[in-house]
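Trainee: Could we go through this structure together? I would like to learn how to read it step by step.

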Amino acid sequence: HFSPQDSPAGIGHKSLAVNLSDLAAMGATPRWATLSIALPEQNDAWLTAFARGFFRMADTHGIELVGGDTTRGALTISITVIGEVPPGQALRRDGAQAGDDVWVSGVIGSAAMALAYRQGRLFMEQIDAAKVLPALYLPTPRVELGIALRGVATSAIDISDGLLGDLGHILERSQAGAAPVGARLEFAALPTLPVVQSYVHEAVGRDCVLAGGDDYELCFTAPAGRRDAVQAAARSAGVAVTRIGCITAEPGLAVVDADGQPLPIERTGYDHFAA
């Protein structure tokens with residue numbers, strides 16, 4: 001999703017980056033992509049800028065554009081990415097076990113807060129907004145981290161629709177056909193930019209961190225005894241990771257404050273098919 005006023009170079013960057021994030025969540029090495037695009041009219045300047053953002057991201061990750069289609073219609077961009085992973089080493093959503101740590105990469109909440117600011121749902125000083133807007137326009141897919149977590153993480157997903165919603169997918173898949181699992185997260189442990197902390201006292205600010213999405217960071221689980229291996233993987237990928245909670249044997253997803261008291265959860269994430 002993007003707004004009509006967004007820069008075409010930024011759209012090119014983000015449209016590929018968010019697809020690469022799905023490969024990152026499976027520990028896959030990106031190889032190829034196809035691009036289908038519908039345009040209301042021919043616009044060479046727009047296409048040149050879009051291609052600049054798209055191919056800069058492609059070159060960063062060694063991706064070849066191998067096909068696609070161009071048609072006339074409402075502006076629509078559809079990308080398929082293809083990657084490779086050694087047999088049996090793909091990160092999946094169904095491996096979380098009671099006692100595992102829950103981790104996230106980078107920082108979360110910034111992109112959703114930027115969108116809330118743009119939509120007028122959250123008032124921010126312009127100097128503060130300038131610190132979160134790049135997260136909305138130019139996300140970084142954690143491809144190197146996903147690869148480094150092969151054999152370390154027990155499950156993984158990228159945070160596209162919201163931390164709670166996407167972690168919920170891990171819990172759902174991990175208990176299919178096995179013992180139920182849940183998760184307990186510590187709100188104070190969630191990694192955010194300092195500027196985001198200034199707004200989490202507002203309901204919309206907390207929602208941005210817990211359920212806002214558009215972060216494209218990795219949420220993953222790993223045995224508590226492999227914390228050193230997780231940190232080593234993070235160092236090799238050049239990205240910070242933070243332990244934010246644990247997988248429990250009790251079903252359900254709880255978020256607690258600094259005193260261990262549960263926080264109310266009003267929603268878990270973006271619903272693509274909500275009215």
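Predicted model: local features only at pLDDT ≥ 70, side-chain atom pairs only at ≥ 80, totals over all residues.

Trainee: Where does D6 sit in the chain?

Mentor: D6 belongs to the segment before α1 (8–24).

Trainee: Is D6 buried or exposed?

Mentor: D6 is buried, because its relative accessible area is 13% and buried means under 20%.

Trainee: Which backbone nitrogen lies 3.0 Å from a polar atom of the D6 side chain?

Mentor: That backbone nitrogen belongs to S3.

Trainee: Changing topic, what is the order of the strands in the open sheet?

Mentor: The order is β2-β1-β3, and the pairing of these 3 strands is mixed. The edge strands, β2 (64–72) and β3 (76–84), each pair on one side only. From one strand to the next, the twist averages 15°.

Trainee: How many bridges join β1 and β3?

Mentor: Strand β1 (residues 29–39) pairs with β3 over 9 bridges, in the antiparallel sense. In β3, T76 is the bridge partner of A38.

Trainee: Which strands does helix α2 lie across?

Mentor: Helix α2 (residues 44–60) lies across β1, β2 and β3, and runs at about 165° to β1. As for α1, that helix lies across β1 and β3, at about 40° to β3.

Trainee: And which residues of strand β5 are on each side?

Mentor: In β5 (residues 155–158), S155 and I157 are on one side, with A156 and D158 on the other. These residues are all buried, and both faces of the strand are covered. In a regular strand the side chains alternate between the two faces of the sheet.

Trainee: What is the bridge partner of S155 in β7?

Mentor: The partner is T221. Strands β5 and β7 (residues 218–222) pair in the antiparallel sense over 4 bridges.

Methods
Residues numbered from 1 in each chain as written. Heavy atoms only, no water. Buried < 20%, exposed > 50% of the residue type's maximum accessible area, 1.4 Å probe, protein only. Helix = DSSP H or I, 4+ residues; strand = E, 2+ residues; numbered from the N terminus. Pairing = 2+ DSSP bridges. Polar contact = N/O pair within 3.5 Å; in protein donor to acceptor, adjacent residues only side chain to side chain. Axes fitted to C-alpha atoms, helices over the stretch in contact; angles between N-to-C directions. Contact = heavy atoms within 4.5 Å.
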